[in-house]
Amino acid sequence: MPVKLAIVDSAIGDLPGSVVAARLAFRLAADGSVVCAAGSAADPLGHGSAVAKLVLERAAHCVLLSAQVFHANEPSAAQVIAAAIDWCVAQGARVVNLSLGLADDRRTLRESCEAALAQGVLLVASWPARGGAAYPAAYPGVLAVNGDIRCGQGEFSCLAHELFGASPLPPHGVAGGGASYATARIAGEAGAFFEAFPTASAADFRNKLLAGARFHGRERRQA
């Protein structure tokens with residue numbers, strides 16, 4: 001059975017050859033509640049589509065789930081991301097890509113992550129190169145990923161305890177770069193790993209990254 005890999009982002013555009021099993025859009029209502037509606041293949045920012053391209057470079061046969069939490073340039077709230085994670089888990093996601101991060105710990109997000117992890121779902125989230133902690137990457141059990149320019153295609157690094165790295169470069173034809181794209185690469189690696197080893201656990205995948213890390217420790221800049 002194909003691995004289901006969820007992308008919580010700005011939606012997934014129409015990517016040739018990809019399979020998107022379900023789409024749902026989440027946003028915050030004026031009264032503070034989370035509302036959801038049928039998602040579409042329109043990606044207002046292009047970020048979710050770029051993330052999906054990188055995931056598929058490694059896990060071409062995975063089935064995608066699109067949970068849209070970003071709309072135009074509107075920021076997303078913790079309860080919106082939490083609702084998206086809950087939906088992804090209910091849809092049978094084995095891996096959830098979270099190329100995003102919030103500056104503050106919020107109980108609703110923490111509890112959704114804990115519930116997902118308790119069901120064996122691998123959460124892969126971005127950790128920024130600068131600044132303080134980012135959530136959900138900072139939660140115990142979540143696989144935190146930072147960009148590591150030393151890494152080439154298919155290479156990974158172990159930057160610190162529970163912090164991994166991958167290339168921050170965007171897919172061809174897309175501008176920018178950063179931890180969000182490194183996160184997508186490791187999520188794609190996870191999708192391919194679980195396809196090859198269906199009974200493996202999230203801990204098994206962490207061990208695989210540790211064993212295969214091309215670099216250990218952060219890059220040391222020359223004086």
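What follows is a conversation about the sheet, its strands and the helices of this predicted model.

Trainee: In what order do the strands of the open sheet stand, and which strands are at the edges?

Mentor: The open sheet is formed by 10 strands with mixed pairing, and their order is β3-β2-β4-β1-β5-β6-β7-β9-β8-β10. A strand at the edge has a single partner strand, so one side of it is left without a neighbour in the sheet. The strands in that position are β3 (34-38) and β10 (215-216).

Trainee: How is β3 joined to strand β2, and which residue of β3 is the bridge partner of alanine 25?

Mentor: Strand β2, residues 20-28, runs antiparallel to β3, and five bridges join the two. Within β3, the bridge partner of alanine 25 is alanine 37.

Trainee: Is strand β1 largely enclosed or largely open, and which strands does it pair with?

Mentor: Strand β1 covers residues 4-9, and five of its six residues are buried, so the rest of the structure largely encloses it. Six bridges join it in parallel to strand β4, residues 63-68, where lysine 4 has valine 63 as its bridge partner. With strand β5, residues 95-98, β1 pairs over three bridges, also in the parallel sense, and leucine 5 stands opposite valine 95 there. β1 is thus largely enclosed, and the strands it pairs with are β4 and β5.

Trainee: Which strands does helix α1 lie across, and at what angle does it run to β1?

Mentor: Gly48, Ser49, Ala50, Val51, Ala52, Leu54, Val55 and Leu56 are buried in α1, and the buried residues of this helix pack against β1, β4, β5 and α4. The helix, residues 47-58, lies across β1, β4 and β5, and its angle to β1 is about 155°.

Trainee: What is the geometry of the packing between α1 and helix α4?

Mentor: Among the residues of α1 that meet α4 are His47, Val51 and Arg58, and those they meet in α4 include Tyr181, Arg185 and Glu189. The crossing is right-handed, and α1 and α4 are therefore oblique to each other. The angle between α1 and α4 (residues 179-196) is about 40°, with the axes 7 Å apart.

Trainee: How does helix α5 pack against α4, and how far apart are their axes?

Mentor: Helix α5 spans residues 202-212, and it packs against α4 at an angle of about 115° in a crossing that is right-handed. Ile186, Glu189, Ala190, Phe193 and Phe194 of α4 make this contact with Ala202, Asp204, Phe205, Lys208 and Leu209 of α5. The axes are 11 Å apart.

Trainee: What does helix α2 span, what do its buried residues pack against, and which glycine follows it?

Mentor: Helix α2, residues 78-90, has 13 residues and reaches 18 Å from its first C-alpha to its last, close to the 18 Å expected at 1.5 Å a residue. Its buried residues, including Ile81, Ile85, Trp87 and Cys88, pack against β1, β2, β3, β4, β5 and α3 (107-118). The residue that follows, with a positive phi near 95°, is glycine 92.

Trainee: Is strand β7 mostly covered or mostly open, and which strands is it joined to?

Mentor: Four of the five residues of β7 (residues 143-147) are buried, and the strand is mostly covered. Three bridges join it in parallel to strand β6, residues 122-126, with valine 124 opposite leucine 143. Four bridges, again parallel, join it to strand β9, residues 163-166, and there asparagine 146 stands opposite glycine 165. The strands joined to β7 are therefore, from these bridges, β6 and β9.

Technical notes
Residues numbered from 1 in each chain as written. Predicted model: local features only at pLDDT ≥ 70, side-chain atom pairs only at ≥ 80, totals over all residues. Heavy atoms only, no water. Buried < 20%, exposed > 50% of the residue type's maximum accessible area, 1.4 Å probe, protein only. Contact = heavy atoms within 4.5 Å. Axes fitted to C-alpha atoms, helices over the stretch in contact; angles between N-to-C directions. Expected span 1.5 Å × (residues − 1). Parallel < 35°, antiparallel > 145°, perpendicular 65-115°, else oblique. Left-handed = near helix turned anticlockwise from the far one by under 90°.
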